[in-house]
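Welcome, and thanks for taking a look at this one with us. Please open the structure below and keep it in view as you read.

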Protein chains: 2
Amino acid sequence: MSDLPNKTTVVGAGDIGAGWAALLVGAGWPVSLYDTDARRMDAAMESVPQRARALVDLQRATPGTVERGLREFSHAHSILQACKGADWVIEATSEDLMAKQRVFQSLDEVAEPHAIITSSSSGLKIEDIAARCRNQGRCMVAHPLNPPELIPLIELIPGRIAKPEAVAQAQTYLRALGRIPITLKKSVPGHVVGRIAAAVWRESIQLVLDGVVDVDDLDRAISLGPALGWAAAGPHLSYHLAAGQGGVRGFLQQLMQSFETWWSGLAKWDKLDFEQQQALVNAIERSYHDNIGKLRGARDRRLSAIVRALEESRQ
Amino acid sequence: MSDLPNKTTVVGAGDIGAGWAALLVGAGWPVSLYDTDARRMDAAMESVPQRARALVDLQRATPGTVERGLREFSHAHSILQACKGADWVIEATSEDLMAKQRVFQSLDEVAEPHAIITSSSSGLKIEDIAARCRNQGRCMVAHPLNPPELIPLIELIPGRIAKPEAVAQAQTYLRALGRIPITLKKSVPGHVVGRIAAAVWRESIQLVLDGVVDVDDLDRAISLGPALGWAAAGPHLSYHLAAGQGGVRGFLQQLMQSFETWWSGLAKWDKLDFEQQQALVNAIERSYHDNIGKLRGARDRRLSAIVRALEESRQ
């Protein structure tokens with residue numbers, strides 16, 4: 001097993017693919033980027049260098065490493081060219097099962113025999129994505145969050161198909177990139193993060209539509225409250241520590257009744273009708289006037305400051 | 001309206017009451033603590049100075065201020081003595097509506113006429129808590145998270161009863177303490193944070209009981225992933241920034257179908273039966289061997305590091 005790949009490939013030049021490429025470039029690794037859409041490809045050839053260089057200002061990369069990575073960052077003109085010589089192929093196309101199956105079928109044919117292939121899917125099962133591949137043992141989900149170059153978590157999902165050697169190789173690469181892979185024991189729709197995020201967003205939408213709180217106040221409440229708590233200790237540990245010496249047993253005694261009341265009143269819908277979608281979009285756009293680039297810049301500064309602080313507090 | 005209270009009162013010496021007292025002492029404010037339970041009171045007279053002094057190591061308070069606060073930190077022997085001369089009375093008794101109604105009825109009688117009275121309830125409505133009070137206009141919920149001395153958010157809920165002057169006074173005190181009050185537009189069970197936390201915990205429990213992920217891996221996944229994202233940008237803003245220039249409209253186009261799939265598969269139960277509670281408690285205790293004090297210390301170091309980083313990134 002090799003510690004560092006000689007070359008990496010990113011297939012799909014949207015926001016997540018560009019983020020993977022920025023992360024790899026920021027680590028000084030050679031990256032070949034490929035997308036069938038020429039406009040998306042052109043946009044990424046501009047945004048990846050910007051995002052990789054931004055990592056220097058955010059104290060997440062050094063200028064020398066980024067410039068070395070950029071010298072080996074290239075635009076492939078075919079999926080074959082993209083994959084040639086690559087040890088790790090990252091799929092980051094749109095979240096559409098049929099499309100991903102076709103991409104994986106091509107990758108299965110053109111990737112080097114020893115290469116591992118990971119899908120960035122936020123919620124599909126690898127068993128389905130790789131259904132048409134002959135060499136399924138090297139296929140798995142490695143799901144990053146947005147933006148991939150700043151958030152350390154990667155959900156790694158071998159499902160029933162990836163071989164242990166392939167999973168170990170992916171873990172090695174991810175750790176060398178400063179990522180923290182968490183390996184799930186089985187495939188479920190949305191993995192772990194998508195399901196938790198869906199639960200949070202449904203209730204967040206309901207609270208705004210019910211007029212309990214405005215969009216920006218809800219966002220600030222989560223940011224300055226439970227998100228800080230969960231960043232320092234996940235949900236289960238938080239409650240284990242919330243009832244003095246009694247641990248989670250004491251917590252359940254004190255607050256299970258409250259949770260039962262709250263659970264019974266949570267939003268239950270699984271579709272947001274068109275009028276509600278419009279009301280939500282309008283409320284969000286009313287709350288956030290600044291352009292997307294400026295809002296993302298501010299978000300990325302806060303995010304990298306938190307990640308640095310956590311790294312320092314662990315040392 | 002005064003900027004600083006001459007004296008504050010905390011009624012209820014459990015974990016949350018002791019946290020409020022540590023926060024107030026850490027700011028150098030005079031505090032009178034009262035609880036009907038002598039054992040809880042004795043424990044708090046030990047833990048409050050410890051927690052207040054810990055704020056110095058965590059770089060959340062200065063030694064001089066803490067020691068000044070401790071000189072004016074006292075144990076009251078009656079609710080009347082506790083409230084005498086206090087401008088702000090904080091109720092932090094157990095989450096039981098009938099018990100809180102009785103406490104509020106007493107506070108209504110003994111608190112100074114100009115004092116504001118805030119409840120730390122994590123989910124009850126102030127209209128219900130203050131139902132037996134004559135002077136309801138000074139009553140509201142000011143809900144802190146655990147631990148109150150470290151997490152900046154306070155959910156402030158005037159409901160239909162608190163007068164604007166009383167709310168403004170509470171906001172002034174809370175901001176002077178370095179807290180960030182978010183005012184909700186109406187009372188709902190669980191407020192905002194309890195509802196979101198209930199949604200997160202239900203799905204977190206389900207994922208563990210379904211064998212998708214172990215307790216500690218789920219906690220780490222949330223801590224190193226979505227919690228960091230939400231700490232930097234709340235749920236609505238996160239999705240507004242997750243689809244390039246398209247904003248939340250583009251995001252809904254790309255991912256609404258995925259969310260609908262995930263929503264339809266989320267846990268729906270509103271009671272956790274005894275066997276499941278036992279399975280959960282066992283899984284949490286298997287994952288976290290260290291004693292509660294040690295785990296809390298590590299959590300508090302991470303939490304204060306994050307809070308400091310966010311404060312610095314805003315400057």
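Here is a short tour by topic, from strands to helix packing. Please bear in mind that this is a predicted model.

- Strand 4 (residues 88-91) of chain A runs parallel to strand 5 of chain A, and four bridges join them. Within this pairing, Ser119(A) is the bridge partner of Glu91(A).
- To get from strand 4 to strand 5 of chain A, the chain passes through helix 5 (residues 97-110), making a right-handed β-α-β crossover.
- Strand 5 of chain A also pairs with strand 6 (residues 139-144) of chain A, in the parallel sense and over three bridges. Here Thr118(A) has Met140(A) as its bridge partner.

**The sheet of chain B**
- Chain B has an open sheet of eight strands in the order 3-2-1-4-5-6-7-8, with mixed pairing.
- Strand 3 (73-75) and strand 8 (180-183) of chain B are at the edges; each has a single partner strand, so one side of each lacks a neighbour in the sheet.
- On average, neighbouring strands of this sheet are turned by 25° against each other, direction ignored.
- Strand 1 (residues 8-11) and strand 2 of chain B run parallel and are joined by four bridges, and Val10(B) stands opposite Leu33(B) of strand 2.
- Helix 1 of chain B lies across several strands of chain B, including strand 1, to which it runs at about 165°.

**Trp29(B)**
- Look for Trp29(B) in the loop between helix 1 (15-26) and strand 2 (31-34) of chain B.
- Trp29(B) counts as buried because its relative accessibility is 7%, against a cut-off of under 20%.
- Beyond its neighbours within four places in sequence, Trp29(B) is in contact with nearby chain-B residues, among them Leu4(B), Pro5(B), Trp88(B) and Tyr173(B).

**Where chains A and B meet**
- Helix 12 (residues 247-265) of chain A packs against helix 8 (residues 193-209) of chain B at an angle of about 100°, with the axes 9 Å apart. That angle makes the two helices roughly perpendicular.
- The residues that meet include Phe251(A), Trp262(A) and Trp263(A) from helix 12 of chain A, and Ala198(B), Trp201(B) and Ile205(B) from helix 8 of chain B. The residues of this contact divide into nine nonpolar, two polar and two charged.
- Helix 9 (residues 215-224) of chain A lies across strand 7 (153-157) and strand 8 of chain B, at about 145° to strand 8.

Key:
Residues numbered from 1 in each chain as written. Chains lettered and ligands numbered in written order. Predicted model: local features only at pLDDT ≥ 70, side-chain atom pairs only at ≥ 80, totals over all residues. Heavy atoms only, no water. Pairing = 2+ DSSP bridges. Right-handed = clockwise from strand over helix to strand, strands pointing away. Axes fitted to C-alpha atoms, helices over the stretch in contact; angles between N-to-C directions. Parallel < 35°, antiparallel > 145°, perpendicular 65-115°, else oblique. Contact = heavy atoms within 4.5 Å. Nonpolar A, V, L, I, M, F, W, Y, C, P; charged D, E, K, R; others polar. Buried < 20%, exposed > 50% of the residue type's maximum accessible area, 1.4 Å probe, protein only.
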